[in-house]
Amino acid sequence: PSPQLFRFSCCSASERGMEGQEGYKETWDRWFQTKGFTIDSSADTGVRVQDGKGEHQEFHCEYSCIKSFLQPYAQVALCHPPARADMVDMGCGTSAISDSLSNDPAINPSGERILLNILLDISRVALLNHRLLTQDAQPHDRRRGTIFYSAVQLDCRKLPFPDECVSLVLDKGTMDALHEDADKVAMLTESLRIVRETGFVITVSFATPARKEFLERFCSSGGLPKPRMWVIGKDPLFKVTNPNFNSKDGPASNYFVTVITKSSRSFTSIEYKLDEFSRSMISRLEKSGSLYHEGDSDDEELLAEGLLTDEIL
């Protein structure tokens, strides 16, 4: 069996034309520093861990909560020619989702394909943290095949990659961290530009009426197939039971898992299975305008406040 390889090439901001993007960069550099990491050029890894801290930070949920939704689409995207499959973790932070996905035996059962995980973030602190954590991590499954990692610091709204060069784009929480709709549109537009026609863009974001409308409008205006959506979490009104929810490692709130693709042909081989919990939550959202209570609310602003806490600001 071929060994799993960890190869990092962490490019600097100046190399990727990120001038003028200091607001996002400084905010997230500062946030990751509060989680126990600082840049230290004298250290071999380029990052220093403070007081025994330094763990994967998972916004929204862990891979175990969403893998049943991701697996069918990742299988199609990553097992389609060419022989090497490239995946972008958009705004990766220090999440372990791309590593968990790559090591999922259901994704590459034959183990014959080469996978390249491109870890993309605007924060150099986050990328150096990710490098340290991934090098220290024990893969879930030492299966056959080779997995490469490349960490690149750049702005997700303007990517230097050529068109249709990757098989899969993952976004877990990055859309929610972007302030303006124009920024969200730019990120999704770039994601669709670089993904192959046979590939998918998968996002995990706040389950709000505004987000559902935004994603459906984005796809409709761009001539794309209607996105496929599920809801993960638990019913805040305790009216519907989610048998797939694990209170130990599940999300504390509710989130959409959304799959977007360029061509309806990419969806034809995958049955859209809407679980009963998602069906109930989406129905309530459409009827009452909220998952969290029966009256009117601005869930988008309410939940955004929970993402950008005082320690970030």
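In this predicted model, helix H7 is followed by Gly223, a residue whose phi is positive, near 70 degrees. The helix itself covers residues 209-221, and its 13 residues reach 18 Å from the first C-alpha to the last, which is close to the 18 Å expected at 1.5 Å a residue. Within H7, the residues Arg211, Lys212, Phe214, Leu215, Phe218 and Cys219 are buried. When the helix is seen down its axis, these buried residues fall within an arc of 165 degrees, so they line one face of H7. On the other side of H7, by contrast, Glu213, Ser220 and Ser221 are exposed.

Helix H2, which covers residues 63-78, has 16 residues, but its end C-alpha atoms are only 17 Å apart, short of the 22 Å that a straight helix would reach at 1.5 Å a residue. A bend of about 55 degrees is found in H2 at Phe69, and a proline, Pro72, follows within four residues. Phe69 is also one of the buried residues of H2, a group that includes Tyr63, Cys65, Ile66, Leu70 and Gln71, and to which Tyr73, Ala74, Ala77 and Leu78 belong as well.

As for the chain as a whole, 10 helices and 9 strands are present. Of the 313 residues in the chain, 54% are buried. Among contacts between residues at least 6 apart in sequence, 83% join residues that are at least 24 apart. The chain exposes about 14,100 Å², and carbon and sulfur atoms supply 49% of this area.

Definitions and conventions
Residues are numbered from 1 along each chain as its sequence is written. This is a predicted model: local features need pLDDT of at least 70, side-chain atom pairs count only at pLDDT 80 or more; totals for chains, interfaces and linings use all residues. Side-chain values use heavy atoms; hydrogens and water are left out. Helices (H or I, at least four residues) and strands (E, at least two) are DSSP runs, numbered from the N terminus. The expected span of a helix is 1.5 Å times one less than its number of residues. Buried means under 20% relative accessible area, exposed over 50%, partly exposed in between (1.4 Å probe, protein chains only). The arc is that of the directions from the helix axis to the C-beta atoms. Contact means heavy atoms within 4.5 Å. Accessible areas come from the Shrake-Rupley method with a 1.4 Å probe; for residues, only the protein chains shown count as cover. The bend at a residue is the angle between axes fitted to the seven residues ending there and the seven starting there.
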